[in-house]
Amino acid sequence: ESYRSSESYRSSESYRSSESIRPLFRSSVLKNARMYKIAMTVCTLDALKEQLQLAIDLEFATIPVYLTSMYSIIQGHNVEIYKRIRSVVIQEMQHMIQAANILLAIGGKPMIDRKEHVPSYPGNLPGGVLPNLKVTLEKMSLQHVNEVLMGIEVPHNISLDSEHPEIFNDTIGQFYNEIQLCIKDHISTDIFIPQTEMQIEWPWDASTYVGKVLIIKDHATAIKAIQNIMDQGEGASPLDPSMGLSSTKPPFLAHFYNFEEIVCQKHLVLNEDDMFCYNGAPIPFDQTGVWPMQPNPGKSKIPADTHCYTVARNFHSAYRALLRKLQEVFDGNTAGMKDSIALMHTLAVHGHKVMQVNIEGTKVNCGPVWDYEWN
C-alpha cells in the first residue's frame, strides 16, 4: 500500500512548491480537508484562465501513462483490465475537453499542440500536483498500477496528512476544487460568453458511465462540470468510491478505485453491512499476457535503421497528427472532433504494433514515443 503509506507527498516543502506553479493554490483552512477558500486577490480572471490551461495539461499528462500500459497488453489477454484502463482513458479525454470548454467559455484559448503543453516522461504532473510522484511509462503490471496509476488518482481524503492538517496534499481533486471555488465565490456571471459554438460536444452518444462533456453557459454548468471531473477521479465522498451515481447497480467506480480493483484482483462490492470491500468476483491478471516493453521508451533508446525505429517513428507521426487535429478543434473547428476520434483509433493500431517489436540485441520490446519532437 505504498500509495497510502508513502511520505512523498506529505511535506510542507511540497505544499509551498505549488504556490509558484499554479495561481490558485493559495488557500486558507476553515475546518477540514474539504473546506477551504480561495483568496479574492488570487482569484482573478487571468489566474483562472491560467489554471484551466494547466488543467488541460494535467489531464493530457495522464493519458499517455494509461495508454502505454493498455497498449502493452497482448490482444486477447487480460481483457477486463484492458477495458478498465480504456474506460478511464476515455474519461480523461473528456476531462481535458471539459477544461477546454470552460476556458473557451470565459474567453480563453486552449493550447495542446505546443512543446510546453506536451508531457515528457519520466517526470512530474503539471500544476504542482503530487510534486513528489514520479510519473513513468511502463508496461502493465500490478506494481505500476499501484504506484503510478493509483498515485495519480489518489483521493484527497486518503492522501491527507493527519499529523499536519494545515497542509493540503496536492491531489488532482484539490487542484480542481481551487478552480471550482474561484468560479463560485469570485467570478462574475457576466464573464461567460453567450456564444457556445466554439465549444466541443463529445461523445455524441453518451452512456451512463462515460457521460458527456457539458457545454458551459454560466456558473452552474461550470461548477457542475468541475464536480463531475472530481467525482469521476476520486469518488463522490470518502465513504462512496463511486461516481455518485447511486441509481446504478453496481455503482460505477471512480478511477482510483477502478485501478485498486485491478491491484486487489477483486471487484469492490457492498457487503451485508453495507460497507465496501474487495471481496467480489476475481479480476485475473496474467503477466505473460503483457509485451516486455522497455520502461520509458524514447528515441534515444532505439538503434537507428532498425524495425523498432521504423514502427516507433510511425507511432510518433500518428501522435503528432492527432495533436495538430485537436488544436484545430480547440481553435474552433469543432467538426474536426470526428477526425480526431479516427486518429485516436489509428494511434491505437500503431501503439499495439510497436509493442510487438523486439529491440535488436535485447530482451525488451519497443514502446510508444510520446515526446513532442522526434529529433
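Gly280 counts as buried at 14% relative accessibility, where buried means under 20% relative accessible area, exposed over 50% and partly exposed in between, with a 1.4 Å probe and protein chains only. Gly280 lies in strand β4, strands (E, at least two residues) and helices (H or I, at least four) being DSSP runs numbered from the N terminus. Not counting residues up to four places away in sequence, Gly280 touches Lys266, His267 and Val269, a contact being heavy atoms within 4.5 Å. From C-alpha to C-alpha, Gly280 and Leu270 are 8.8 Å apart in space and ten residues apart in sequence.

This is a predicted model, in which local features need pLDDT of at least 70 and side-chain atom pairs count only at pLDDT 80 or more, while totals for chains, interfaces and linings use all residues. Residues are numbered from 1 along each chain as its sequence is written, and side-chain values use heavy atoms, with hydrogens and water left out.

The protein chain as a whole has eleven helices and four strands, and buried residues make up 55% of its 375 residues. Among its contacts between residues at least 6 apart in sequence, 70% join residues at least 24 apart. Ile112 counts as buried at 0% relative accessibility, and, leaving aside neighbours within four places in sequence, its contacts are Phe60, Met96, His117, Val118, Leu323, Leu326, Gln327 and Phe330.

Some backbone details in the loops deserve attention. Pro122 is placed in the loop between α4 and α5 (142–153), and the peptide bond that leads from Tyr121 to Pro122 is cis, with omega near -5°. The loop between β4 (276–282) and α10 holds Asn296, and Asp305 has its place in the loop between β4 and α10 as well. Phi is near 45° for Asn296, a positive value in a residue other than glycine, and Asp305 likewise has a positive phi, near 60°. Are these two residues buried or exposed? Asn296 is buried, with a relative accessible area of 16%, whereas Asp305 is exposed, with 79%.

Just after α10, Gly332 takes a positive phi of about 125°. The 19 residues of helix α11 (residues 337–355) should span 27 Å, and this agrees with its end C-alpha atoms, which are 27 Å apart. Buried residues of α11 include Met337, Ile341, Met344, Leu347, Gly351 and Met355. Seen down the axis of α11, its buried residues fall within an arc of 160°, so they line one face of the helix, the arc being that of the directions from the helix axis to the C-beta atoms. Covering these buried residues are elements that include α3 (45–71), α4 (79–105) and α10 (307–330).

Rolling a probe the size of a water molecule over the atoms shows where empty space is left. On a 1 Å grid over the protein atoms alone, a pocket is an open set of points with protein on both sides within 12 Å along at least five of seven lines, a cavity is a set where a 1.4 Å probe fits but cannot get out, and lining residues have an atom within 4 Å of a point. Grid points are joined across faces, edges and corners, and a volume is the space filled by probe spheres set on the points.

The largest pocket has a volume of about 520 Å³. Of the 27 residues that line the largest pocket, Arg86, Val89, Ile90, Met344 and His345 are the closest to its centre, and α3, α4, α10 and α11 are the elements that give two or more residues to this lining. Its lining residues divide into 23 nonpolar, three polar and one charged, where Ala, Val, Leu, Ile, Met, Phe, Trp, Tyr, Cys and Pro count as nonpolar, Asp, Glu, Lys and Arg as charged, and the others, Gly among them, as polar.

The whole structure also has three cavities of 30 Å³ or more, and about 90 Å³ of space lies in the largest cavity. Among the residues lining the largest cavity are Glu59, Glu92, His95, Glu153, Glu234 and His255. α8 gives the most to this lining, with four residues, and the lining divides into four nonpolar, four polar and four charged residues.

Notes: The expected span of a helix is 1.5 Å times one less than its number of residues.
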